[in-house]
Amino acid sequence: MKTDKLFYRIFLSQPSLIAELLSDIPEDCEYEYSAPVVKEKEIRLDGLLTPISDNPDLPLVFLEAQMQKDSEFYSRFFCGLFVYLHQYKVARFWRGLLILRDRSQDLGSERPYQGLL
């Protein structure tokens with residue numbers, strides 16, 4: 001496993017630093033440092049609306065329709081969205097538009113994505 005040696009040394013020598021950098025992490029919380037490899041697979045988005053205008057304040061709109069229960073929906077949706085932003089070097093705002101059968105539809109845990117929903 002390759003790691004960023006600087007980060008590794010910093011967090012190894014100062015394990016409480018994470019609590020100083022992120023205020024909602026308790027000071028006595030312990031973390032293990034790693035640098036995992038993330039492999040990509042083909043991801044297809046349901047739709048992307050791109051503004052025809054050059055106005056940079058108009059967002060890209062990522063469309064996604066989901067009509068059944070899917071406990072992995074959020075992870076797939078945000079994975080595709082962020083891979084797209086990275087690959088196409090997007091510099092404008094974006095929005096996600098989810099079209100669902102009903103509001104109570106189970107799309108998996110929202111917790112990891114709470115800041116985005």
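**Figure 1. Asp102 and its salt bridge with Arg101.** At 30% relative accessibility, Asp102 counts as partly exposed. The closest N and O atoms of Asp102 and Arg101 are 3.5 Å apart. A salt bridge is a side-chain nitrogen of Lys or Arg within 4 Å of a carboxyl oxygen of Asp or Glu. This is a predicted model: local features need pLDDT of at least 70, side-chain atom pairs count only at pLDDT 80 or more, and totals for chains, interfaces and linings use all residues. Residues are numbered from 1 along each chain as its sequence is written, and side-chain values use heavy atoms, with hydrogens and water left out.

**Figure 2. Two further salt bridges, Asp70 with Arg76 and Arg44 with Glu42.** The structure holds four salt bridges. Asp70 and Arg76 bring their closest N and O atoms to 2.4 Å. Is Asp70 buried or exposed? Asp70 is buried, because its relative accessible area is 14%. In the pair of Arg44 and Glu42, the closest N and O atoms are 3.9 Å apart. Both Arg44 and Glu42 are exposed.

**Figure 3. Helix H3, residues 73-87.** Helices (H or I, at least four residues) and strands (E, at least two) are DSSP runs, numbered from the N terminus. H3 has 15 residues. From first C-alpha to last, H3 reaches 21 Å, close to the 21 Å expected at 1.5 Å a residue. The expected span is 1.5 Å times one less than the number of residues. Which residues of H3 are buried? They are Phe73, Tyr74, Phe77, Phe78, Gly80, Leu81, Val83, Tyr84 and Leu85. An α-helix has 3.6 residues a turn, so residues three or four places apart point the same way. The cover over the buried residues of H3 includes strands E1 (47-49), E2 (60-66) and E3 (94-100).

**Figure 4. The largest nonpolar core.** A nonpolar core is a set of buried Ala, Val, Leu, Ile, Met, Phe, Trp, Tyr and Cys residues joined through side-chain atoms within 4.5 Å. H3 supplies the largest share, seven residues. Tyr113 is in contact with Tyr74, Ser75 and Phe78, leaving aside its neighbours within four places in sequence. Contact means heavy atoms within 4.5 Å.

**Figure 5. Leu107, in the segment after E3.** Leu107 counts as buried because its relative accessibility is 2%. What does Leu107 contact, leaving aside its neighbours within four places in sequence? The list is Gln66, Gln68, Asp70, Ser71, Phe73, Tyr74 and Leu100. Leu107 and Glu72 are 35 residues apart in sequence. Their C-alpha atoms are 6.6 Å apart in space.

**Figure 6. Gln68, in the loop between E2 and H3.** Gln68 counts as exposed, at 52% relative accessibility. Not counting residues up to four places away in sequence, Gln68 touches Arg101, Gln105 and Leu107. Gln68 and Gly47 are 21 residues apart in sequence, with 18 Å between their C-alpha atoms.

**Figure 7. Lys89, in the loop between H3 and E3.** Most residues other than glycine have a negative phi. Lys89 is not glycine, yet its phi is positive, near 50 degrees. This residue comes just after H3. Lys89 is exposed, with a relative accessible area of 59%.

**Figure 8. A nonpolar surface patch made by Met67, Leu97 and Ile99.** The patch covers about 250 Å². Patches are made of residues with over 30% relative accessible area and no salt bridge: like charges are joined within 9 Å, nonpolar side chains (Val, Leu, Ile, Met, Phe, Trp, Tyr) within 5 Å. Accessible areas come from the Shrake-Rupley method with a 1.4 Å probe; for residues, only the protein chains shown count as cover. Leu97 sits in strand E3. Leu97 is partly exposed, with a relative accessible area of 40%.

How values were computed: Buried < 20%, exposed > 50% of the residue type's maximum accessible area, 1.4 Å probe, protein only.
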